[in-house]
Amino acid sequence: MNSAILAPAAVLVVWTLIMMIWVMVTRLPAMKKIGVDMGARPGGRGQDLEGVVPDSVNWKAHNYNHLMEQPTIFYATVFIVALTGTGDVWLNVWLAWAYVGLRIVHSIIQATWNHVPARFMVFVLSSLALLALALHATAAALQ
């Protein structure tokens, strides 16, 4: 199978990994700077760092977590569209790229500026693109 709709999904996978690296390269030095000993308490979690490291450091982790949430629906939708043979339909490909582009913008806003109204607007737009793509996937799967 060679479907154009798989490219945006692959880009979002790579972006998610970039965010993971961004979390590590900001969080680990911040933890070291304030003397957090990762081995001091077994079973510690990222949320334990809330209020301990600067908020701007945690924003990257918050966004990485967001990339583990709604985009899972995107990946499933993309595969449904690809498997039904509608993955090369220009509208579906456009919607997938719009979703990925908006999610990347959302990440950059959250990881740097974290202005909630701007972030929310981008989230709504990306969600609308995903909804349209999901409706197309459902229609294709029900045929």
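## Burial and overall build

Buried residues make up 36% of the 143 residues in this predicted protein model, where buried means under 20% relative accessible area, exposed means over 50% and partly exposed is what falls in between (1.4 Å probe, protein chains only). Numbering starts from 1 along each chain as its sequence is written. Because this is a prediction, local features need pLDDT of at least 70 and side-chain atom pairs count only at pLDDT 80 or more, while totals for chains, interfaces and linings use all residues, and side-chain values use heavy atoms, with hydrogens and water left out.

As for secondary structure, you get five helices and zero strands, which reads along the sequence as α-α-α-α-α. Helices here are DSSP runs (H or I, at least four residues), strands are E runs of at least two, and both are numbered from the N terminus. The C-alpha trace spans about 60 × 30 × 20 Å along its principal axes. Take the contacts with a separation of 6 or more: 78% of them join residues 24 or more positions apart, a contact being heavy atoms within 4.5 Å.

## Surface and charge

The protein exposes about 8200 Å², and carbon and sulfur atoms supply 70% of that. These areas come from the Shrake-Rupley method with a 1.4 Å probe; for residues, only the protein chains shown count as cover.

On the charge side, there are 8 positive and 6 negative side chains, and the centres of the two sets lie 6 Å apart. Lys and Arg count as positive, Asp and Glu as negative, and His and the chain ends are not counted. Each charge is placed at NZ of Lys, CZ of Arg, CG of Asp or CD of Glu.

## The main core

The largest nonpolar core has 21 residues, and those with the most contacts inside it are Ile5, Leu12, Phe74, Val78, Tyr99 and Leu133. A core of this kind is a set of buried Ala, Val, Leu, Ile, Met, Phe, Trp, Tyr and Cys residues joined through side-chain atoms within 4.5 Å. Helices α1 (6–34), α3, α4 and α5 each supply at least two residues of it, with the largest share, six residues, coming from α4. There's also a second, separate core of five residues, including Ala30, Met31, Leu49 and Val53.

Leu133 is a handy place to look around. Leaving aside neighbours within four places in sequence, Leu133 is in contact with Ile5, Phe74, Thr77, Val78, Val81, Asn92, Leu95 and Ala96. Ala96 sits in helix α4 and is buried, at 0% relative accessible area. Not counting residues up to four places away, Ala96 touches Ile5, Pro8, Phe74 and Leu133.

## Aromatic rings

A search of the whole structure turns up two aromatic pairs. Rings of Phe, Tyr and Trp (its six-membered ring) pair if their centres lie within 6.5 Å; planes under 30 degrees apart count as stacked, over 60 as edge-to-face and the rest as tilted. Phe74 and Tyr99 form a stacked pair, 4.7 Å centre to centre with 20 degrees between the planes. Phe74 lies in helix α3 (residues 71–83) and Tyr99 in helix α4 (residues 90–113), so the pair ties together parts that are 25 residues apart in sequence.

Phe74 counts as buried at 0% relative accessibility, and Tyr99 is buried with a relative accessible area of 0%.

Gln110 is in helix α4 and is buried, with a relative accessible area of 2%. Its contacts, leaving aside neighbours within four places in sequence, are Trp59, His62, Asn63, His66 and Arg119. Asn114 is found in the loop between α4 and α5 (116–142), where its phi is near 55 degrees, a positive value in a residue other than glycine. At 16% relative accessibility, Asn114 counts as buried.

Asp55, in helix α2 (residues 55–66), is partly exposed at 48% relative accessible area. Asp55 and Ala111 are 56 residues apart in sequence and 9.9 Å apart in space, C-alpha to C-alpha. Gln143 is in the segment after α5 and counts as exposed at 85% relative accessibility. From Gln143 to Thr84 the C-alpha distance is 9.1 Å, and the two are 59 residues apart in sequence.
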